[in-house]
Amino acid sequence: MEKLISASLIGLSQGAIFALMALALVLVFRSTRVVNFAQAGQAMVSTYIGWEVVTRTENYWIALPAAALAGALLAAIIETFLMRPLAKRASHGAIAPVASIIASLGVLGVLHSGAAMIWTSEQKLFLSPVSVNGIEIGSTVYPFSQADILIISTVIIVMSTFAFFFQRTSLGLSLRAAAFQPEISRLAGVKVDRVRTIGWALSGAAGAIVGVLVTPGNYLSPFSLDILLVYGFVAAVIGGLESPQGAALGGLILGMSLSFTSIYVSSGLTFIVPFVVLLLILIVKPKGIFGGGSSRNA
Amino acid sequence: MEGVLEMHSTHRRRLILFIVVGAVLFYFSSRVGILRLYQGSTVSMYVIAIGSIILLTGYSGQISLGNGAFMAIGAYVAVLSQLYLDLPFVLTFFVAVIGAALAGLILGIAAARLTGPYLAGATLALAVALPSLANLFPVLGGEQGLGYDSGNAPTLFGEVARFKWLFWISSFTALITCLILQNILKSRYGRIWKSIRSNSVAAELTGIHASKSKVLAFMLSAGIAGLAGAVLTMSLGTVSPSAFPLSLSFALITGAVIAGISSLLPGSLVGAVVLVGMSQLVGTLTTRFEIGDVLAQNLKELIVSALLILAVVFTPNGPGEKIREMRDHRKHHSHGGHR
């Protein structure tokens with residue numbers, strides 16, 4: 001029983017992180033048809049900026065929005081100066097189907113090595129604003145801390161804000177329109193390029209929040225968030241890669257399967273599980289749970 | 001009949017060219033130092049590995065971020081087959097190809113319907129998952145890895161220095177791989193892959209089985225990557241998970257993109273020389289300008305990644321296409337520039 005509760009609680013907290021990372025990937029994919037493999041690097045650099053703020057001000061609540069802002073800015077720069085010109089330049093030949101993926105790998109490499117030059121590869125301690133020790137109920141200590149509660153509640157707040165923004169504001173409507181039918185939206189007066197940049201910026205902010213949430217209690221290094229890219233991608237694919245709700249559900253499913261296998265089977269499986277889950281979902285339901293009728297040849 | 005004869009003559013010309021290149025390499029191997037021989041082995045390894053990317057991405061239009069993982073599979077298969085089956089090293093190479101190709105087949109079947117980002121993500125997950133297997137199964141030797149004995153040159157050649165012997169094996173393997181790959185890419189299969197890449201619906205209408213052909217490309221690419229892994233292990237004399245980091249897979253893609261993603265020759269050679277030359281350049285810069293450790297350790301990755309971005313933005317399909325474009329442009333102008 002204790003095992004069951006522990007597994008569910010850890011799964012919930014991990015799932016929230018994966019869900020937000022998946023959302024960051026989904027936001028970019030549905031607006032520009034790019035899976036942004038640099039997302040892990042962008043989140044990492046933003047988290048370093050949050051770390052700089054937190055070591056100077058000793059205030060986590062300033063660091064969180066500062067990192068989100070930095071993440072949004074970085075993403076907007078990458079979209080404006082690299083991805084947008086690239087879409088026009090590499091539109092033919094053998095490179096065309098994979099150009100954006102290759103460019104995002106290049107960005108990831110630059111961010112990795114750049115961050116390692118600025119902040120060194122040594123692990124940095126990111127202090128948590130709340131306790132990271134397990135909560136004690138009766139005589140048993142559960143592997144679930146105030147930090148996990150912070151993670152889950154922040155993710156819920158961020159995701160509901162996004163949902164409200166997309167469903168209830170006119171800018172959100174333009175974003176959805178530009179993602180769905182760029183040419184027609186352009187005719188209808190939507191500034192598609194600008195709206196796409198906003199989509200990237202939102203995604204960058206979401207990734208930065210992931211980094212600042214998950215790093216306290218752990219260590220920060222130029223490579224520490226890379227694995228989240230894989231988890232986030234798997235979660236996004238479970239949900240169909242285009243749907244924010246799907247990202248949330250996908251994150252939860254992946255978080256639960258990870259925590260249950262590591263508690264009931266073996267903790268050595270953490271790197272294998274996402275791969276197996278991904279293969280299963282690709283074989284059984286390749287369009288994802290929330291995937292629409294469109295083909296996967298994007 | 002004429003066509004058949006013509007094809008045979010190109011085959012023969014190609015074969016003669018490769019024999020000449022082999023003879024030249026053999027001649028130079030006695031006239032350069034240990035460092036150059038070692039770099040030559042590394043270039044050969046990269047040529048094979050980049051070739052696997054060019055087949056997959058340049059021809060069949062798929063992308064794999066996990067060819068480093070297939071290299072690891074090949075390397076471990078080679079080492080295990082030597083350790084437990086006592087195979088001679090030539091056979092371990094064959095077994096490595098088969099092992100990695102089988103792994104590629106399994107993943108390829110699962111991913112047959114996927115293109116672009118989905119395959120990229122699946123192979124990325126593989127590249128991340130695979131090294132941790134080495135710690136899960138004791139037979140794989142954990143973090144320390146396992147040793148590999150590349151043996152000595154046959155006595156026929158007299159006393160051959162270790163690095164020269166390693167260079168012979170790896171460059172010979174690279175030459176044969178290029179010859180075979182070149183023939184495959186110029187064959188019916190190469191044209192089938194290209195047709196699927198440019199328009200899979202049209203290709204299927206002409207009777208091509210698109211997903212089968214894609215799986216075949218994926219399997220071949222994995223097998224060739226496995227061979228590169230075996231060559232790497234042979235020249236290192238050991239195999240361990242740390243030899244196959246994610247950055248290796250990324251470096252291979254950089255090497256393949258720099259000289260044009262669908263140019264096997266000279267593309268893969270140029271890419272390989274750039275990757276190896278970069279290491280030396282950074283080493284020289286570091287000692288000459290006394291760059292700090294932190295900068296020096298990351299300079300190579302920074303340059304390689306920046307190069308990748310620049311290449312994909314400015315010469316997306318390689319410098320060859322750019323030059324052709326510029327020539328056409330000039331011709332157009334000299335003809336009066338009307339229209």
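This is a predicted model: local features need pLDDT of at least 70, side-chain atom pairs count only at pLDDT 80 or more; totals for chains, interfaces and linings use all residues.
In chain B, the helix H4(B) meets the helix H9(B) through B:Phe93, B:Ala96, B:Val97, B:Ala100, B:Ala101, B:Gly104, B:Leu105, B:Leu107, B:Gly108 and B:Ile109, and on the side of H9(B) the partners are B:Val215, B:Phe218, B:Met219, B:Ala222, B:Gly223, B:Gly226, B:Leu227, B:Ala230, B:Val231 and B:Met234. Sorted by class, the residues of this contact between H4(B) and H9(B) comprise 16 nonpolar, four polar and no charged ones.

A pair of packed helices is described by the angle between their axes and by the distance between the axes. For H4(B) and H9(B), the axes come within 7 Å and cross at roughly 145°, and the crossing is right-handed.

H9(B) also packs against H6(B), at an angle of about 170° and with the axes 10 Å apart. Because angles over 145 degrees count as roughly antiparallel, H6(B) is roughly antiparallel to H9(B). H6(B) brings B:Arg162, B:Leu166, B:Ile169, B:Ser170, B:Thr173, B:Thr177, B:Leu181 and B:Ile184 to this contact, while H9(B) brings B:Leu220, B:Ile224, B:Leu227, B:Val231, B:Met234 and B:Ser235. By class, the contact of H6(B) with H9(B) has nine nonpolar, four polar and one charged residues.

From the packing of these helices we can turn to open space. Rolling a probe the size of a water molecule over the atoms shows where empty space is left. The second largest pocket has a volume of about 920 Å³, and of the 33 residues that line this pocket, B:Ile169, B:Phe172, B:Thr173, B:Ile176 and B:Thr177 are the closest to its centre. Which helices of chain B each supply at least two residues of this lining? They are helix H1 (2-29), helix H4 (89-110), helix H6 (162-185) and helix H9 (210-236). H6(B) gives the most to the lining of the second largest pocket, with 13 residues. The lining as a whole has 28 nonpolar, five polar and no charged residues.

One further feature of chain B concerns its backbone. Most residues other than glycine have a negative phi, and most peptide bonds are trans. The peptide bond from B:Leu265 to B:Pro266, however, is cis, with omega near 5°, and B:Pro266 lies in the loop between helix H10 (246-258) and helix H11 (267-289) of chain B.

Chain A has a backbone feature of another kind, for A:Glu58 has a positive phi of about 55° although it is not a glycine. A:Glu58 is found in the loop between helix H2 (39-57) and helix H3 (60-89) of chain A.

H9(A) passes H10(A) in a right-handed crossing. In this contact, A:Tyr231, A:Val234, A:Ala235 and A:Ile238 of H9(A) meet A:Gly246, A:Gly250, A:Gly251, A:Ile253, A:Leu254 and A:Leu258 of H10(A). The residues of the contact divide into seven nonpolar, three polar and no charged.

The structure also holds one cavity of 30 Å³ or more, and about 40 Å³ of space lies in the largest cavity. Its lining is made by A:Leu27, A:Arg30, A:Ser31, A:Phe166, A:Leu175, A:Ala179 and A:Gly199. Helix H1 (2-32) and helix H6 (170-180) of chain A are the elements that give two or more residues to this lining, and H1(A) gives the most, with three residues. By class, the lining of the largest cavity has four nonpolar, two polar and one charged residues.

A:Arg196 is found in helix H8 (residues 192-214) of chain A, and, when its neighbours within four places in sequence are left aside, A:Arg196 is in contact with A:Ser31, A:Thr32, A:Glu79 and A:Pro182. A:Arg196 and A:Ala7, in turn, are 189 residues apart in sequence and 39 Å apart in space, C-alpha to C-alpha.

How values were computed
Residues are numbered from 1 along each chain as its sequence is written. Chains are lettered from A and ligands numbered from 1 in the order in which they are written. Side-chain values use heavy atoms; hydrogens and water are left out. On a 1 Å grid over the protein atoms alone, a cavity is a set of points where a 1.4 Å probe fits but cannot get out, and a pocket is an open set with protein on both sides within 12 Å along at least five of seven lines; lining residues have an atom within 4 Å of a point. Grid points are joined across faces, edges and corners, and a volume is the space filled by probe spheres set on the points. Helices (H or I, at least four residues) and strands (E, at least two) are DSSP runs, numbered from the N terminus. Ala, Val, Leu, Ile, Met, Phe, Trp, Tyr, Cys and Pro count as nonpolar, Asp, Glu, Lys and Arg as charged, and the others, Gly among them, as polar. A crossing is left-handed if the near helix is turned anticlockwise from the far one by less than a right angle, and right-handed if clockwise. Contact means heavy atoms within 4.5 Å. Axes are lines fitted to C-alpha atoms, for helices over the stretch in contact, and angles run from 0 to 180 degrees between N-to-C directions. Angles under 35 degrees count as roughly parallel, over 145 as roughly antiparallel, 65 to 115 as roughly perpendicular and the rest as oblique.
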